[in-house]
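I am opening my notebook on a new model. I will look up a few places and write down what I find.

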Amino acid sequence: MTTIIRADAAHDFLALVPVLAGYRPARSLVCIAFEGNRTSAVLRHDLPDDAHADALAGSLLGTLCRVPGIDGIAAVAYGDRPFDDDGLPHGNLLGRVVERAERAGFVVRDALSVAPNGWGSLFDAELPVGGRPLSLIEESAAVAAVPPEAVELAAGVAGTAAGLVRIPDSDSTIAAGIREILDGIVDRNPAVAEPTGDRIERALGDAVDPIVLVERIAAERGCGTVEELAWILHLASQPVIRDAIMLQAAFGPVIGELALDSGEDERPARAADLSDRQTGGRASPRTPGPDEQESVDGFLSRLMLGRSTIRPDADRVRVVLEVLATAAGNAPVGRRTGALCIAAWLSWSLGRGSAAGAFIDLALAEEPDHTMAGLLHRFLGLGELPEWAFSRPLPQSGAAADDTA
C-alpha cells in the first residue's frame, strides 16, 4: 500500500491507523513504515510478554530493513493494560523497538500506546499519569477526508490473528446445497434423478475445468452459486489441483496450467522443498544462473516458497480469497481444509502473515493430521515473508506518477 498520512497531531495519526491497517487493532503491536511522508507498509504482531519483547523487536526490525525505500517508522502498542502508576503501558516493548530502529538508521516518528483508559507517547515528557483522553482519537477530524469505504473496511477489531480472517456467517440454504453436492460427489447414488456430476456440468459448463473456474472467479464473473462454491471446495480437496489453484490465483492461468501439467510426479518435490525450508534440510530452490536452465518444477517451487520477485496480482488474489471465504463459511465441518490452505497461502502472498496463520489454525482444528496444513503451519511459523513483498512493484504502463504532497 502507498498512502499519504495527513495527521496534525499524534491523536490524528492514531485515528488513521485502523484505516491504514484495514482493521482496528487490539492486543497488537503495529508498526507503520514510512518512505518520506508516505506510508509504505504496516506490520502487525500479537503483543508479546515481557520475556519475548526483545526478540520481537529484533524480528520486526529485521523485516523492516528488507522493505525498500523506507526511512522512518512509527510503533503503536494496543493492549488491555491500563494507565496507572507504572507509567506508559508496554513502554518496555516500545523502548526496545525504538532502540533497535534508531540503531538501524530509521527515524522514529513516534512510539505510542493505546490502553483501555487512555493513550500516550513514549516521547511525551508531560504525559499525565492517566494518559491522554481517548476522546481525542475518537473525535479526530483526520478520518473525515478518508473515503467511506476505507473507514468501513477498518471497522473490524482484530484482537488476535484470528480476528484478521473474515469468513462470513453460514447461510442455511447455501450450506445445505453445498453439503448435498459434496455428498453426491462422494456417494454417486444411481437412484438420484440427476447425478451430481451432470448437475455440476449443466451449471458450470466449461468451468468444471479448474483453470477455467479460477479465471471466472478471478475476473469476478462467477456469481457465487452453490455449484461454484461446492466445486471449488471439492477441487481444493485434491492436492495437485489445490496447489495449482493456489499458484494460478496469484500468478495467472499459464502458471496454473504448468502446475497442473506437472501433476503427481512433481508435487511431492515441491512439498519436500516446503518441508526442507522449515527443517534446515537441503537448500530450497534457488534462482538459476545466467547460463543455467531452470526446470518447471524448480520454478513452481520457488513461487510457492516466495523465492521470487515476481509479484502476485493482488486484485486477483483478493477476489479469489473472498470466494474461498464464502465457500469455507458454508462448508460442512471437515470439508473445507483444502480451501483454508489455499486461503492461507494467498494471504501470505499478500504479506498478511498473521491472517495466513489464522487460516491454518482453522484448518488444523478440523484436520490435525492434514499434510499440507501441517507443512504450511511450520513454514509460516518461520515468520518469513515472500521476496516479492520487499521488491518495488513495476510502474503501471501509461500511468502517471503520483506526486501528491
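Predicted model: local features only at pLDDT ≥ 70, side-chain atom pairs only at ≥ 80, totals over all residues.

Where is the place of Val-165? I looked, and Val-165 sits in the loop between strand E8 (157-158) and helix H6 (172-187).

**Entry: Val-165**

I then listed what Val-165 touches, leaving out residues up to four places away in sequence. The list holds Ala-355, Ala-358, Phe-359 and Leu-362. I also checked Val-165 against Ser-354. The two are 189 residues apart in sequence, but their C-alpha atoms are 9.0 Å apart in space.

**Entry: helices H9 and H13**

I turned to helix H9 (residues 226-236) and helix H13 (residues 314-330). Their axes come within 9 Å and cross at roughly 90°. I therefore wrote down H9 and H13 as roughly perpendicular to each other. Which residues make the contact? From H9 I found Leu-229, Ile-232 and Leu-233. From H13 I found Val-323, Leu-324, Thr-326, Ala-327 and Ala-328. Sorted by class, this contact has 7 nonpolar residues, 1 polar residue and no charged ones.

I stayed with H13 to look up Arg-316, which is found in that helix. Arg-316 has 13% relative accessibility, so it counts as buried. Apart from residues up to four places away in sequence, Arg-316 touches Val-214, Glu-215, Ala-218, Gln-248, Ala-249, Gly-252 and Pro-253.

**Entry: helix H12**

How many residues of helix H12 (residues 296-305) are buried? I got 9 of its 10, so I noted the helix as mostly covered. Among the buried ones are Asp-297, Arg-302, Phe-299 and Leu-300. Just after H12 comes Gly-306, and I noted its positive phi of about 75°.

**Entry: salt bridges**

I looked up the count of salt bridges, and it comes to 15. I took three of them in turn.

I began with Asp-54 and Arg-100, whose side chains meet in a salt bridge at 3.2 Å, N to O. Asp-54 lies in helix H2 (residues 53-64) and Arg-100 in helix H3 (residues 91-103), so this pair ties together parts that are 46 residues apart in sequence. Asp-54 is partly exposed, with a relative accessible area of 33%. Arg-100 also counts as partly exposed, at 27%.

Then I looked at Arg-103 and Glu-99. Their closest N and O atoms are 2.8 Å apart. Why would they meet within one helix? Arg-103 and Glu-99 are 4 residues apart in helix H3, so about one helical turn separates them. An α-helix has 3.6 residues a turn, so residues three or four places apart point the same way. Arg-103 is exposed, with a relative accessible area of 59%. Glu-99 is partly exposed, at 42%.

My last pair was Arg-335 and Asp-183, with closest N and O atoms 3.2 Å apart. Arg-335 lies in the loop between H13 and helix H14 (337-349), and Asp-183 lies in helix H6, so the pair ties together parts that are 152 residues apart in sequence. Both are partly exposed: Arg-335 has a relative accessible area of 29%, and Asp-183 has 28%.

Salt bridges join Asp-54, Arg-96 and Arg-100 into one network.

Notes:
Residues numbered from 1 in each chain as written. Heavy atoms only, no water. Axes fitted to C-alpha atoms, helices over the stretch in contact; angles between N-to-C directions. Helix = DSSP H or I, 4+ residues; strand = E, 2+ residues; numbered from the N terminus. Parallel < 35°, antiparallel > 145°, perpendicular 65-115°, else oblique. Contact = heavy atoms within 4.5 Å. Nonpolar A, V, L, I, M, F, W, Y, C, P; charged D, E, K, R; others polar. Buried < 20%, exposed > 50% of the residue type's maximum accessible area, 1.4 Å probe, protein only. Salt bridge = Lys/Arg side-chain N within 4 Å of Asp/Glu carboxyl O.
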